[in-house]
Amino acid sequence: MLPKFVEGFEKVRNATDEKEVIGAISEYNLPREVVPTEYLNSAAVWDALLRSGRGMGMNAMIKNLAKMTAVGLIGQNGEATKFIEEQLVDTKRLTNERVHPMSLLLALKTYSSGHGVKGSLVWNPINTISNALEKAFYRAFPSVEPTGKRIMLGVDVSGSMDTSEVGGINMSAREAATAMAMVISNTEPNCTARAFSNKICNYDIDKGTSIQEAMKKAKRFPFDRTDCSLLMQHALDNKIEVDTFIIFTDNETNHGNIHPFQALRNHRQVSGIDAKLI
């Protein structure tokens with residue numbers, strides 16, 4: 001006798017119509033990966049997968065939002081759309097399935113664009129899904145496990161951060177740096193954030209700051225060349241104890257009178273802390 005899952009796999013593989021596929025998904029709790037490709041253009045099949053316990057975990061659901069919109073499940077089917085919105089903002093589920101905030105922000109950027117970075121898939125974004133993805137970004141912060149280290153975070157605010165893009169995704173270096181700064185600032189209990197180019201400034205990102213507000217703050221700082229040594233020098237000059245320096249920058253990493261590795265070495269020698277630089 002075949003194990004139940006294998007029996008279900010055989011049924012869905014040998015199915016002759018959509019009704020048989022949906023029945024097998026429901027009866028055997030089948031995941032998307034076993035469904036023949038020709039049935040993945042059916043809104044009813046995606047709906048069955050959505051309701052199946054094994055059919056679609058949170059990460060799989062996020063990954064397939066565009067496809068479910070393109071085939072008409074999201075948008076036309078108000079019940080399915082509402083169900084997906086509720087799942088996306090479920091803080092407990094986001095945490096249990098360890099959905100990283102950045103994966104949600106990337107999903108939001110892609111979904112809102114209406115087309116994939118690769119391939120020919122296009123769709124009409126549904127605003128309520130986009131809004132749910134943004135809410136999920138903030139609610140997923142508890143998914144990130146804090147290190148507990150004393151962290152000083154540096155965000156490059158030079159002009160090139162707007163023109164540099166993160167490879168393979170529709171996101172500028174400034175957007176990515178701001179988002180990661182928000183994640184770290186909201187999850188690490190001992191984190192101080194700074195914005196820098198050729199000068200360094202306080203960068204206040206509290207728990208109530210939205211991604212849009214954080215971006216506006218980043219753009220208000222003076223733009224100039226990038227001096228990545230400033231973070232270590234600033235900590236040393238102000239006697240701030242730091243275990244880890246984290247710098248978000250693009251490829252333009254000039255320096256002033258001292259190279260970043262020298263500034264780090266000086267900080268280690270004077271503070272007595274074996275600080276790391278990321």
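Glu-175 and Lys-109 are joined by a salt bridge with an N to O distance of 3.0 Å; the term denotes a side-chain nitrogen of Lys or Arg within 4 Å of a carboxyl oxygen of Asp or Glu. The pair connects distant parts of the chain, since Glu-175 belongs to helix H12 (residues 173–187) and Lys-109 to helix H9, 66 residues apart. Helices here are DSSP runs of H or I with at least four residues, numbered from the N terminus. This is a predicted model, in which local features need pLDDT of at least 70 and side-chain atom pairs count only at pLDDT 80 or more, while totals for chains, interfaces and linings use all residues. Residues are numbered from 1 along each chain as its sequence is written, and side-chain values use heavy atoms, with hydrogens and water left out.

A second salt bridge joins Asp-162 and Arg-174 at 2.8 Å, N to O. Asp-162 lies in helix H11 (residues 160–163) and Arg-174 in helix H12, so this contact ties together parts twelve residues apart in sequence. Arg-174 is buried at 1% relative accessibility, whereas Asp-162, at 33%, is partly exposed (buried means under 20% relative accessible area, exposed over 50%, partly exposed in between, with a 1.4 Å probe and protein chains only).

Definitions and conventions. Helix = DSSP H or I, 4+ residues; strand = E, 2+ residues; numbered from the N terminus.
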